[in-house]
Amino acid sequence: MRVIGTAGHVDHGKSTLVEALTGTHPDRLKEEREREMTIDLGFAWLTLPGNEEIGIIDVPGHRDFIENMLSGVGGIDAALFVIAADEGVMPQTREHLSILNLLQVQGGVVALTKVDMVEDHEWLDLVEEEIGQALRGSILEDAPIIRVSGRNGTGIPELLHALDLCLAERPKRVDYGRPRLPVDRVFSIAGFGTIVTGTLGDGCLKVADEIEILPQKIRGRVRGLQTHKKKEEIAIPGSRTAVNISGVTVDQLSRGNVVVHPKDYRITGRFDARLSILTEASSALKHNAEVKLYIGSAEVLARLRVLGQEEIKPGDDGWVQFEVKQPVVTVRGDRYIIRRPSPGETLGGGVVLDPHPKGRHKRFAGQTVERLQALERGTPEDVFLQTLVGPGIAPLKDISARSNLGREPLQETIAALADGGHLLFLEPVNTENISPDMDVLVTNQAYWDSTSSTILVAISEYHQTYPLRRGMPREELKSRLKVSQRVFNALLGRLTSSGAILESGPLVSSADHEIRYNPQQQKAIDALMGRFSESPYAPPTVKECLAIVDDEVYQSLLDSGDLNQVASDVVFRGVDYEHLKSEVKTILQRQGTLTAAQFRDHFNTSRRYALAFLEHLDSRGITVRDGDVRRLRR
Ligand code: GDP
C-alpha cells in the first residue's frame with residue numbers, strides 16, 4: 001500500500017482537489033472548515049483505476065503551518081503537486097518543492113488546478129512554461145502536468161490515470177519485518193481508548209501485537225487496527241494506519257512518537273548524516289548551530305557538528321553529526337529536514353547515514369568523513385562493513401538491522417562478505433545456512449586483526465613480566481580489553497581454536513610460552529629437589545622452601561605440578577603426593593579405615609604431615625573423617 005502527499009501554495013485548491021478525487025473532504029478541524037484553510041494534516045484515500053488503494057495526506061500550505069506539513073510529508077511515496085492556474089508559481093510552491101527535493105520523494109504529478117477560472121489558453125501555456133522552469137533540476141522535473149478543476153471535475157480522470165502511472169513506476173514498499181509507525185496524531189474515542197495514526201513503514205502490525213512506544217519506552221498492545229477507516233487484522237507497510245492501543249493513555253503520547261515491536265529499534269541521541277543547505281537559505285550553516293529537526297513525524301531541537309569543513313554554505317552539501325535534545329528513532333537512509341527556529345526558515349535536509357555513531361566525532365578527522373562517504377555511496381557490501389565499523393564486533397542481527405539494506409540484499413551481501421573472508425564469525429555457526437537475523441557475533445578483518453593482536457601482545461607482555469608463570473589470568477586480560485563477557489569468550493575461543501593461545505583453567509598463555517629458569521634459579525631448584533628426595537614424606541616446610549628458592553620460582557613449581565602444597569606450611573613433590581594419595585586409597589579399600597598414627601607409621605613420617613595430608617584428602621572429598629579414623633567417601 002502507498003501514500004501520496006499533496007503539496008503547494010495555500011489556497012491553490014489542494015483540499016478541494018482531494019475531495020474531488022476521493023469524495024472525502026480532508027480538512028478535519030472545525031476551525032479549518034470555517035477558515036477554509038488546512039492547518040493540520042488531513043487524510044483521505046481512494047482506489048486508483050489500476051485497482052491500487054492509496055492513502056492521501058493533505059498537507060497545509062500556509063507558511064505558518066509548514067511545520068505541520070513536515071510531520072506528514074516524511075512517509076509519502078509520491079507528490080501531488082498543486083498549482084493554481086490563476087496564480088501560477090508562488091513562494092510556498094517553491095518552498096514545498098525544496099522540501100520534496102530534500103526528502104527525495106520519488107516523483108509525482110503536477111495538478112494545474114482551477115482551470116475553470118482561466119478562459120485564456122495562452123495564459124495556461126505561459127503558466128505551464130513557468131512551472132517547467134521552476135521544476136527544472138528537481139525531483140518533479142519529469143512529472144506530467146495535468147490541467148484540472150476541483151470545482152467542475154475537469155481533468156480528474158486524467159489525473160487519476162497519471163497518479164496510477166506514476167506509482168506503477170515506483171518500487172513497492174518493502175516489508176523488512178520491523179514495523180515502525182511515526183505517530184502524526186493521537187486522540188481517544190469513547191469506548192475504544194487511545195488511538196494513534198501514522199504511515200506504517202518497514203513491516204506489518206497485527207492485532208494483539210505487543211508494542212513499544214519510543215522514545216518513552218512505554219509498552220502496550222494493539223487492540224485494533226484500521227486502514228482507511230476499515231477494520232483490519234493486519235496493517236501492511238505503506239498504509240495509513242490507525243492503531244487502537246491498550247495499556248497506554250493519551251497523555252502519555254504525542255506526535256513524533258514511534259510505535260514499534262519491542263526491541264526492534266533503539267532510540268538515539270546522536271546520529272551522522274549528509275546535509276544539503278538550500279540555495280535559497282539566507283545564511284550558511286555554522287558549526288554548533290541550533291536547528292529544528294524534522295524526522296519521521298518528530299520535531300526536535302538539535303545541535304549540529306559540521307564535519308570536515310568550517311560551515312556549509314547555501315547550495316552546498318556536507319557531513320554533520322546531530323546531537324538531539326530528545327531521543328529519536330531513525331535508521332540509515334531516513335530523510336530529514338532542518339529549519340532555523342527563529343525566524344522560521346527551512347535551511348536544508350539530507351539523509352541519515354549512521355544512527356548510532358560510536359561517539360562525538362573529531363571535526364577534522366579524515367577517517368570520519370571517509371567512513372561517511374562509504375556509507376553514502378557504497379555498495380551494499382560497503383554499507384554493511386561500514387555499519388560494522390562502529391561497534392567493531394556485534395551480533396549479526398544488529399548489524400543487519402542497522403544497515404537497513406532490506407532482507408534479500410542482506411542475505412546476498414552477508415553471503416558474499418563471508419565467502420570473501422571480509423565478515424568473520426566469532427561464534428560457531430553453520431556457514432551454509434546463515435540468515436541475517438542470527439544472534440551470532442561477527443566482526444571484520446581489520447577489527448579482528450587489531451583486537452587479536454592487542455590480546456596477543458597483552459599475553460606476551462605478561463609472560464615477559466612473569467616468565468615463570470604459566471599464563472595470564474583470564475579476568476586480568478578481560479578487564480584490560482573492556483569488552484563484555486560474551487565478546488571476550490568469543491575472541492578467546494577463536495584465538496584458541498586457531499592455536500595461537502592456550503587456555504587452561506583460569507589461565508591463558510601464548511602457544512609457544514615455555515617456562516625457562518636462569519642458571520641461578522635452576523641451581524636453587526636442584527638444591528631444593530635434593531632436599532625433597534632425602535625425605536619425600538617428611539619434606540622441607542614451605543618456609544624452608546622459600547629460603548632456598550624465591551617466591552616466583554616456588555609459585556612456578558606449584559603451577560607446573562612439580563610441587564603440590566596441601567596445607568599452609570606443608571608441601572610435597574608432585575610425584576610423592578600422587579604416591580601418597582594412591583597408597584591411602586589402596587589401604588582404605590583393603591582395610592576400610594586408617595588413623596593418623598597408622599599413616600605416620602606406614603610412611604615413616606611425623607604426625608604433623610599425616611594430619612595435614614589426611615585433612616587435605618578430606619577437603620578434596622576423597623576421604624571422610626569419622627572420629628579418629630578416615631574412610632573412603634562413597
Ligand atoms: P488549499 O489551501 O490549497 O487546500 O485550498 P482549498 O482547497 O481550501 O481551496 C481554496 C479556495 O479555492 C476555496 O475557496 C476553494 O473553493 C477554491 N477552489 C479550489 N479549487 C478550485 C477550482 O478548481 N476551481 C475554483 N473555481 N475554485 C477552486
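Helices (H or I, at least four residues) and strands (E, at least two) are DSSP runs, numbered from the N terminus. The model is predicted: local features need pLDDT of at least 70, side-chain atom pairs count only at pLDDT 80 or more, and totals for chains, interfaces and linings use all residues. Residues are numbered from 1 along each chain as its sequence is written, and side-chain values use heavy atoms, with hydrogens and water left out.

**The three-stranded sheet**

- Strands S27, S29 and S28 form an open sheet in the order S27-S29-S28, with antiparallel pairing; two strands pair if DSSP finds at least two bridges between them.
- Strand S27 (472-473) and strand S28 (501-504) stand at the edges with a single partner strand each, so one side of each is left without a neighbour in the sheet.
- S28 and strand S29 (residues 507-510) run antiparallel and are joined by four bridges.
- Ile501 has Ser510 in S29 as its bridge partner.

**Helices H11 and H13**

- Helix H11 (residues 445-465) lies across S27, S28 and S29, and runs at about 90 degrees to S29. Axes are lines fitted to C-alpha atoms, for helices over the stretch in contact, and angles run from 0 to 180 degrees between N-to-C directions.
- The axes of H11 and helix H13 (residues 485-497) come within 11 Å and cross at roughly 80 degrees.
- H11 and H13 are therefore roughly perpendicular to each other (65 to 115 degrees).
- Their contact (heavy atoms within 4.5 Å) is made by Trp448, Thr451, Ser452, Ile455 and Leu456 of H11 and by Leu491, Leu492, Arg494 and Leu495 of H13.

**The chain as a whole**

- The secondary structure of the protein chain comes to 19 helices and 34 strands.
- The C-alpha trace spans about 130 × 55 × 45 Å along its principal axes.
- Buried residues make up 52% of the 634 residues in the protein chain.
- Among contacts between residues at least 6 apart in sequence, 66% join residues at least 24 apart.

How values were computed. Buried < 20%, exposed > 50% of the residue type's maximum accessible area, 1.4 Å probe, protein only. Parallel < 35°, antiparallel > 145°, perpendicular 65-115°, else oblique.
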